[in-house]
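Dear colleague,

Please find below the structure for your review. My notes on it follow directly after.

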Amino acid sequence: MKALILAAGLGKRLRPLTDSIPKSLIRFGNKESIVHILEKLRDADINNIGINLHHLWKDLVRFFATTSELTDFSFYFSYEEHLLGTGGAIINCRDFLFDDDFIVINSDIYSELDLKKLITFHDEKGSQLTLVFKPNRQPTDLKIDSAFHITEFAEKNFSPETSVQGGTFTGISIWKKKIINKNLSSLNKGKYYEFSGDIILPLLREGLEICGYPHYDFWMDFGTPESLKRLQYHFKKKQGVKDV
């Protein structure tokens, strides 16, 4: 299995910090955010990693080239001259992803999810695509039925009939290679594609089996100064250190 880490974003909400630091190199828990992700992937025996790049891309490439703790990983870099969106980033990496199933992870999240359990769930369900979500009483991004099949995604008005649970998409997903080779083969590399409207909703309309995996462990999107402070506080409590 491979992984694609989405690291091209500008980090606008975190400016001025991200004017000089790529969002994926922001430190908390005494290491860079992307290292937290890579360690999770290593624990799941995934070391073939694709990374899309745009903002301050040279700093990221230099980091991977000079960090000795990451020598067991093989990196594939996909530079985007113009931001392509989440969907476009996946399509642009088709040459890297076509020959194996893969996990996609946003670089601006921190998660304590056990990826091995996610992979087991994905395989046991026979799912073509599994989206990891944080359960909420009121759905914000998706709704699932009693068999964990996603019935609606990113809709403004959810219907209550077929769903038993809702939640917020975490920015973590796992894909069968068939999707990018067959279902999305007509989409062009180098074009902007929005994740929900251009990728997920068309797949649902095709009747593709897409499952939702509930994430009950700690998770946080640190895309704002406030959420980054909360994440740093989480590590202060967890590790008992002052410099995070």
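On one side of H6, Lys117 and Glu124 are exposed, exposed being over 50% relative accessible area, buried under 20% and partly exposed in between (1.4 Å probe, protein chains only). This is a predicted model, in which local features need pLDDT of at least 70 and side-chain atom pairs count only at pLDDT 80 or more, while totals for chains, interfaces and linings use all residues. Residues are numbered from 1 along each chain as its sequence is written, and side-chain values use heavy atoms, with hydrogens and water left out. Helices (H or I, at least four residues) and strands (E, at least two) are DSSP runs, numbered from the N terminus.

H6 spans residues 115–125, and Leu115, Leu118, Ile119, Phe121 and His122 are buried in it. Seen down the axis of H6, these buried residues fall within an arc of 160°, so they line one face of the helix; the arc is that of the directions from the helix axis to the C-beta atoms. They pack against helix H2 (33–43) and strands E6 (102–106), E8 (129–136), E11 (165–175) and E12 (210–214), contact meaning heavy atoms within 4.5 Å.

At the N-terminal end, H6 is capped by Asp114, with a side-chain oxygen 3.0 Å from the backbone nitrogen of Lys116. After H6 comes Gly126, whose phi is positive, near 65°.

**Nonpolar cores**

The largest nonpolar core has 33 residues, and Leu41 and Ile49 have the most contacts inside it. Such a core is a set of buried Ala, Val, Leu, Ile, Met, Phe, Trp, Tyr and Cys residues joined through side-chain atoms within 4.5 Å. H2 gives the largest share of this core, 5 residues. Leu41 touches Ala3, Ile5, Ile46, Ile49, Ile105 and Leu115, not counting residues up to four places away in sequence. Another core, of 32 residues, lies apart from the largest one and includes Leu6, Ile90, Ile91 and Leu129.

**Glu32**

Glu32 is found in strand E3 (residues 31–32). Glu32 is buried, with a relative accessible area of 15%. Not counting residues up to four places away in sequence, Glu32 touches Ser24, Leu25, Ile26, Arg27 and Phe63.

Yours sincerely

Notes
Polar contact = N/O pair within 3.5 Å; in protein donor to acceptor, adjacent residues only side chain to side chain.
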